[in-house]
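This report describes selected features of a protein model. Please view the sequence and the structure before reading on.

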Amino acid sequence: MIPELRDEFNEKYRPERYQSLLHRLDERAGTSVEFRVAETPIFLPLGVLEEMASAGIRLTKRLLAWPEYLTAARNSIPGNFLVAGESGGTNFPHPNFLTADFALVETGAEELAPRLVEIQAFPSVFAYQAMLAEEYRRVFELPEDLGVFLGGMDKDSFWAQFGKTVLGNHAPENVVLTEVDPQHQKTLPDFLLTARQLGISVVDITTLVPIGNKLHYRNDAGRLIPIHRIYNRAIADEMIGRRVELPFDLTARWDVEWAGHPNWYFLISKYSVPWLSAAGETVVPPAAFLDDFLRGDGFRRLEAAGVKLPAGNQGETVYDDLLLKPLFSFAGKGIQFAPTRAQLEAIPEGEWGNYLVQQRMHFVPTIRTPHGLTQAEIRILYIWPDGGELTPVLTLVRLGRGKMMGVDHNRDQEWVGASAAFWR
């Protein structure tokens with residue numbers, strides 16, 4: 001995207017530097033980074049990132065000011081995951097963390113424009129991305145004038161705001177990062193970096209101890225410590241998939257604050273995409289809930305929006321221009337390209353409301369590498385401290401050359417994987 005920086009990086013690249021990068025990442029994280037790290041960052045004009053960041057803010061605030069949407073989204077939360085004590089903000093409830101993923105697509109004017117892939121009010125790997133950018137700069141000797149942080153922040157102000165968002169007004173000893181089996185998650189490097197930076201503990205959510213209306217964890221000495229605030233990293237669909245049984249009632253009203261209340265995982269998610277699409281948000285690809293597509297006017301609306309849909313409802317009919325997505329999956333799980341009518345109708349009718357169909361976006365390969373042009377999916381990471389403002393702070397980039405952009409889908413290639421964006 002910035003040709004002279006791309007050319008300079010490619011010319012100076014040496015495999016031994018990449019190996020040094022991987023070694024330093026493991027060393028600083030204190031554990032092995034198990035997902036594939038890309039050989040290169042990407043270089044973008046600041047205006048491109050700011051356009052994406054502004055779109056994420058606009059969409060989020062529209063959803064928060066939309067009572068009909070919030071009511072419908074709250075009704076979609078599974079009963080055993082509708083958690084009491086929804087919080088975040090002194091004036092009105094809001095999420096503490098947000099991610100918005102964008103593709104760069106070619107418009108009719110043969111220009112590149114961002115399009116929303118999905119939006120999710122859930123934490124991402126903030127600490128790891130800050131460290132990854134530092135190591136890209138150090139190992140590959142990138143110019144110091146290249147920016148990494150967004151929202152007018154630098155390293156110090158980022159950590160100050162991130163710490164404020166996670167800790168609230170509590171001592172680090174009484175704040176925990178919770179996940180299911182955190183020691184065996186691929187995001188463990190981020191957990192350890194976060195814990196080290198903020199002085200908090202990483203705790204398996206299945207080991208929390210309820211006493212009265214308070215939750216506790218055991219510290220390294222085995223002593224029970226009361227929890228005042230939870231930085232929640234336990235993903236609902238994984239808990240459902242693993243059939244995790246918690247030692248406490250997640251839906252009860254506990255005397256605890258949430259940094260990233262679990263309800264926001266559902267309230268601002270792929271569930272919002274059909275709503276935003278129908279509302280005319282042009283940055284959002286045309287989409288409809290599966291039940292609306294099969295039995296309502298979703299087919300007509302998508303066709304009117306320019307989606308190429310074959311006529312007829314025979315089982316062998318293929319919708320080449322569509323993706324089928326489960327609403328509450330993470331990391332690309334369950335996405336199906338070019339579904340047939342029979343595959344759509346094979347989903348139990350009672351589950352149709354938990355899926356959407358969305359126009360497939362064709363990522364434009366923009367990153368020149370020794371292995372050919374590579375696509376980039378760009379995630380904007382936001383924080384929203386209690387009583388503060390929704391602020392973009394960092395990027396997370398996925399590089400790939402296949403249908404799927406997640407790091408799990410590009411592990412057997414080179415110059416693909418998890419990356420970061422530098423801007424000028």
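## A buried serine in a loop

Ser-76 is in contact (heavy atoms within 4.5 Å) with Tyr-271 and Phe-328, leaving aside its neighbours within four places in sequence. Ser-76 itself belongs to the loop that connects helix H4 (67-75) with strand E2 (97-106). Helices (H or I, at least four residues) and strands (E, at least two) are DSSP runs, numbered from the N terminus. With a relative accessibility of 19%, Ser-76 counts as buried; the term buried means under 20% relative accessible area, exposed means over 50%, and partly exposed lies in between, for a 1.4 Å probe and protein chains only.

## Basis of the model

The model is predicted: local features need pLDDT of at least 70 and side-chain atom pairs count only at pLDDT 80 or more, whereas totals for chains, interfaces and linings use all residues. Residues are numbered from 1 along each chain as its sequence is written, and side-chain values use heavy atoms, with hydrogens and water left out.

## The parallel sheet

Strands of a sheet pair through backbone hydrogen bonds, either parallel or antiparallel. Here, an open sheet is built from four strands in the order E5-E4-E9-E10, with parallel pairing; two strands pair if DSSP finds at least two bridges between them. Strand E5 (201-204) and strand E10 (257-259) are the edge strands, each pairing on one side only. On average, neighbouring strands of this sheet are turned by 35° against each other, direction ignored. Axes are lines fitted to C-alpha atoms, for helices over the stretch in contact, and angles run from 0 to 180 degrees between N-to-C directions.

Strand E4 (residues 175-179) is joined to E5 by four bridges, and the two run parallel. Val-176 has Ser-201 in E5 as its bridge partner. Helix H7 (residues 188-198) lies across E4, E5 and strand E9 (229-232), and runs at about 175° to E4.

## Salt bridges

Side chains of opposite charge can pair when their charged atoms come close. The structure contains 27 salt bridges, each defined as a side-chain nitrogen of Lys or Arg within 4 Å of a carboxyl oxygen of Asp or Glu. In one of them, the closest N and O atoms of Glu-135 and Arg-28 are 2.7 Å apart. This pair links distant parts of the chain, 107 residues apart: Glu-135 is in helix H5 (residues 126-139) and Arg-28 in helix H2 (residues 15-29). Glu-135 is buried, at 0% relative accessible area, whereas Arg-28 is partly exposed, at 27%. Both residues belong to a network of salt bridges that also links Arg-24, Glu-134, Arg-138 and Lys-155.

Asp-292 and Arg-301 meet in a salt bridge of 2.3 Å, N to O. Asp-292 is buried at 19% relative accessible area, and Arg-301 is partly exposed at 25%. A further salt bridge joins Arg-341 to Glu-345, with the closest N and O atoms 3.0 Å apart. These two residues are separated by about one helical turn, because they are four residues apart in helix H13 (residues 341-346). Arg-341 is buried, with a relative accessible area of 7%; Glu-345 is partly exposed, with 35%.

## Positive phi values

Most residues other than glycine have a negative phi. Asp-181, although not a glycine, has a positive phi of about 50°. Asp-181 lies in the loop between E4 and H7 and counts as partly exposed at 26% relative accessibility.

Trp-415, also a residue other than glycine, has a positive phi near 55°. Trp-415 is located in the loop between strand E17 (391-400) and strand E18 (417-419), and counts as buried at 2% relative accessibility.
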